[in-house]
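These are my notes from one sitting with a model. I kept them in the order in which I looked things up.

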Amino acid sequence: MLDIKVIRENPDKVKTAMKTRNLDADQMIDTILQFDADRRRVIGETEVLKAQQNAENKKIPALKKAGEDVSALMAHLKELSDQIKEKDGELTQLEEKQKNLILSLPNIPAADVPVGKDDSENKELRRWQEPTQFSFDPKAHWDIGRELDILDPETAAKVTGARFHFYKGMGARLERSIMNFFLNTHVDNGYTEIFPPFMVNRASMTGTGQLPKFEEDAFKLATKVSNEDYFLIPTAEVPVTNMHRSEILDGAKLPIKYCAYSACFRAEAGSAGRDTRGLIRQHQFNKVEMVKFSNPETSYQELESLTNDAERVLQLLGLPYRVVCLSTGDLGFSSAKTYDVEVWMPSYQRYVEISSCSNFEDFQARRAQIRFKANPRDKAQLVHTLNGSGVAVGRTVAAILENYQNADGSVTIPEALRPYMGVDVIRKPE
């Protein structure tokens with residue numbers, strides 16, 4: 001959530017920033033400022049009424065002691081009390097309207113984010129290894145999975161629906177092996193492993209920026225518990241970030257680094273027709289997530305190291321990839337700056353996102369009220385939150401199947417995964 005002080009003091013800057021995100025928010029920002037002016041006016045009027053109330057209250061003991069009639073004064077105090085109550089109600093409404101509008105504004109891009117209309121203007125930063133070359137015609141991972149009898153979307157479509165998969169045999173083992181390999185690698189690199197709930201409440205979804213704007217993309221449960229809304233998580237970022245909601249952290253312990261496996265659930269309401277085959281865009285998929293809580297002074301250093309950690313697992317797997325800096329028009333709602341790590345997919349003949357590593361600065365922390373103190377005497381200030389896929393498991397399965405396929409239809413297992421898999425090659429069933 002943006003700071004109202006930033007909107008109030010730099011409205012033109014905020015309007016310009018929104019335009020770089022392809023959002024004309026001029027009217028919304030003007031409305032926010034009007035609500036803010038009205039809110040401050042009502043606060044001033046309430047303070048005047050309360051001052052009158054206090055002054056009148058102080059008169060009562062002396063008047064009663066002198067034997068004077070205080071009925072008129074009491075009537076006036078009742079009138080003041082009613083006016084204050086009315087003003088408090090007006091203030092609550094104004095604050096709620098202002099907050100709802102601010103919650104709908106995305107983050108302001110960092111100064112060094114390239115300005116662009118969409119992903120075509122993302123900036124490539126580096127590549128690791130060249131795209132995989134074959135001496136035969138390579139197949140898509142969905143064909144490889146069918147022929148090896150390790151991926152079964154048809155049965156999943158019968159049992160559940162489109163964009164779900166059954167993993168079978170060595171396919172299930174490959175998925176599980178990748179999860180464990182990612183988690184172990186990140187734990188060895190200083191992350192604390194978390195196994196979070198796969199359901200969260202509305203406050204948690206709001207805290208990380210999924211709500212209110214993207215509720216249509218979320219799976220909301222029909223059943224309420226204690227009148228509380230529950231949602232299936234779109235990523236482990238949501239429960240893990242909200243672990244510290246409404247807390248003041250010890251600044252000496254920053255950065256705090258977590259990694260977490262979770263299933264992820266996305267309705268993908270706005271992506272009809274995209275990547276309908278294979279594992280690239282599913283309603284349910286597995287992912288290992290990295291989350292950091294950082295001192296604002298070092299959060300961009302932490303973003304670089306976070307991205308390097310995502311790259312490291314792909315390097316260990318020997319998968320070609322590139323890193324791009326997202327342009328303003330492709331930036332996620334909560335992010336101030338994002339690096340996408342994109343793995344080479346032979347069937348697409350292009351790089352496909354497998355990890356997004358983002359610095360949200362204090363955008364999420366302001367929503368979730370996550371603060372820190374450098375020492376006990378300091379005033380608490382907002383942390384910077386970061387997260388990155390470490391990485392998407394299903395897309396890694398797809399990338400391995402395509403990049404490690406052999407002419408005879410088998411798939412070689414990357415060396416780093418062999419201790420987890422117990423085999424060197426996945427072969428066609430006899």
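In which sense do strand β14 and β15 pair, and over how many bridges? I find them antiparallel, over two bridges, with β14 covering residues 371-373. I count two strands as paired if DSSP finds at least two bridges between them. Strands here are DSSP runs (E, at least two residues) and helices likewise (H or I, at least four), numbered from the N terminus.

Before going on, I note that this is a predicted model, in which local features need pLDDT of at least 70, side-chain atom pairs count only at pLDDT 80 or more, and totals for chains, interfaces and linings use all residues. Residues are numbered from 1 along each chain as its sequence is written, and side-chain values use heavy atoms, with hydrogens and water left out.

**Sheet.** I looked up the rest of the sheet around β14. It is open, has three strands in the order β8-β14-β15, and its pairing is mixed. β8 (248-250) and β15 (381-382) are the edge strands with a single partner each, so one side of each has no neighbour in the sheet. Phe372 has Gln381 in β15 as its bridge partner.

**Helix α3.** I then listed its buried residues (under 20% relative accessible area; exposed is over 50%, partly exposed in between; 1.4 Å probe, protein chains only). Among them are Ile29, Ile32, Phe35, Asp36, Arg39 and Glu56. Their cover includes α1 (4-9), α2 (11-20) and α4. Gly67 follows α3 and has a positive phi, near 80°.

I also looked at Met74, which is in helix α4 (residues 71-103). Met74 is partly exposed at 40% relative accessibility. Its C-alpha atom is 8.8 Å from that of Glu56, 18 residues away along the chain.

**Aromatic pairs.** I took rings of Phe, Tyr and Trp (its six-membered ring) as paired if their centres lie within 6.5 Å, with planes under 30 degrees apart called stacked, over 60 edge-to-face and the rest tilted. The count by this rule is twelve aromatic pairs. Phe181 and Tyr420 have ring centres 6.1 Å apart and planes at 75°, so I class this pair as edge-to-face. Phe181 is in helix α7 (residues 170-188) and Tyr420 in helix α13 (residues 418-421), so the pair ties together parts 239 residues apart in sequence. Phe181 is buried at 5% relative accessibility, whereas Tyr420 is partly exposed at 30%.

Phe214 and Phe333 are also edge-to-face, at 5.3 Å centre to centre and 85° between the planes. I placed Phe214 in the loop between α8 (202-208) and β6 (219-220) and Phe333 in the loop between β11 (321-325) and β12 (337-345), 119 residues apart. Phe214 is partly exposed at 31%, and Phe333 is buried at 10%.

**Core.** I asked which residues have the most contacts inside the largest nonpolar core. They are Leu174, Phe182 and Leu417, in a core of 51 residues. I defined such a core as buried Ala, Val, Leu, Ile, Met, Phe, Trp, Tyr and Cys residues joined through side-chain atoms within 4.5 Å. Phe182 also forms one aromatic cluster with Phe181 and Tyr420. Beyond its neighbours within four places in sequence, Leu417 is in contact (heavy atoms within 4.5 Å) with Leu174, Ser177, Ile178, Phe181, Leu317 and Ile400.
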